[in-house]
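User: I would like to go through this model and ask, for each label attached to it, what value stands behind the label.

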Amino acid sequence: DASERQSTLRGAIEWSHALLSPDERALYAALAAFHGSFSPEDAVAARGEQTSAATALDVLQALCDKSLVARRADGRLGLL
């Protein structure tokens, strides 16, 4: 039912999501709770108790490297 452009974008994000590790998927899902932007500290807090803060930052960096999380000029982060 979606337009071709929306279907293509959804397919690209789904493809990228399928390539994520379990830790990356878990953090990506937790970050969906934020409306708009969030700080790196917010992202660490969203990780839950399953991983350490250092690991969460590594996973967050991996999501940035894979272009699923974008860094903004003001230092905040956001999901695509």
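Analyst: Contact here means heavy atoms within 4.5 Å, and in this predicted model the buried residues of α4 pack in that sense against α2, α3 (40-46), β1 and β2 (77-79).

User: Which residues of α4 are buried?

Analyst: In α4 the buried residues are Ala-56, Val-59, Leu-60, Ala-62, Leu-63 and Cys-64, where buried stands for under 20% relative accessible area.

User: What makes α2 roughly perpendicular to α4?

Analyst: The axes of helix α2 (residues 22-31) and helix α4 (residues 53-65) come within 10 Å and cross at roughly 85°. Angles of 65 to 115 degrees count as roughly perpendicular, and therefore α2 is described as roughly perpendicular to α4. On the α2 side the contact is made by Asp-23, Glu-24, Leu-27, Tyr-28 and Leu-31, and on the α4 side by Ala-56, Val-59, Leu-60, Ala-62 and Leu-63. Sorted by class, this contact of α2 with α4 has eight nonpolar and two charged residues, with no polar ones.

User: How do you know what span is expected for α4, and what does the helix reach?

Analyst: The expected span is 1.5 Å times one less than the number of residues; α4, with 13 residues, reaches 18 Å from its first C-alpha to its last, which is close to the 18 Å expected.

User: Why is the pair of Phe-34 and Phe-38 called stacked?

Analyst: The structure holds one aromatic pair, and in that pair, formed by Phe-34 and Phe-38, the centres are 5.1 Å apart with 25° between the planes. Ring centres must lie within 6.5 Å to pair, and planes under 30 degrees apart count as stacked, so the pair of Phe-34 and Phe-38 is called stacked.

User: Are Phe-34 and Phe-38 buried or partly exposed?

Analyst: Phe-34 has 28% relative accessibility and therefore counts as partly exposed, whereas Phe-38, at 0%, counts as buried.

User: Why does Ser-39 count as buried?

Analyst: Ser-39, which is found in the loop between α2 and α3, has 12% relative accessibility and so counts as buried, the cut-off being under 20%. Leaving aside neighbours within four places in sequence, Ser-39 is in contact with Arg-76 and Leu-77.

Conventions:
Residues are numbered from 1 along each chain as its sequence is written. This is a predicted model: local features need pLDDT of at least 70, side-chain atom pairs count only at pLDDT 80 or more; totals for chains, interfaces and linings use all residues. Side-chain values use heavy atoms; hydrogens and water are left out. Axes are lines fitted to C-alpha atoms, for helices over the stretch in contact, and angles run from 0 to 180 degrees between N-to-C directions. Helices (H or I, at least four residues) and strands (E, at least two) are DSSP runs, numbered from the N terminus. Angles under 35 degrees count as roughly parallel, over 145 as roughly antiparallel, 65 to 115 as roughly perpendicular and the rest as oblique. Ala, Val, Leu, Ile, Met, Phe, Trp, Tyr, Cys and Pro count as nonpolar, Asp, Glu, Lys and Arg as charged, and the others, Gly among them, as polar. Rings of Phe, Tyr and Trp (its six-membered ring) pair if their centres lie within 6.5 Å; planes under 30 degrees apart count as stacked, over 60 as edge-to-face and the rest as tilted. Buried means under 20% relative accessible area, exposed over 50%, partly exposed in between (1.4 Å probe, protein chains only).
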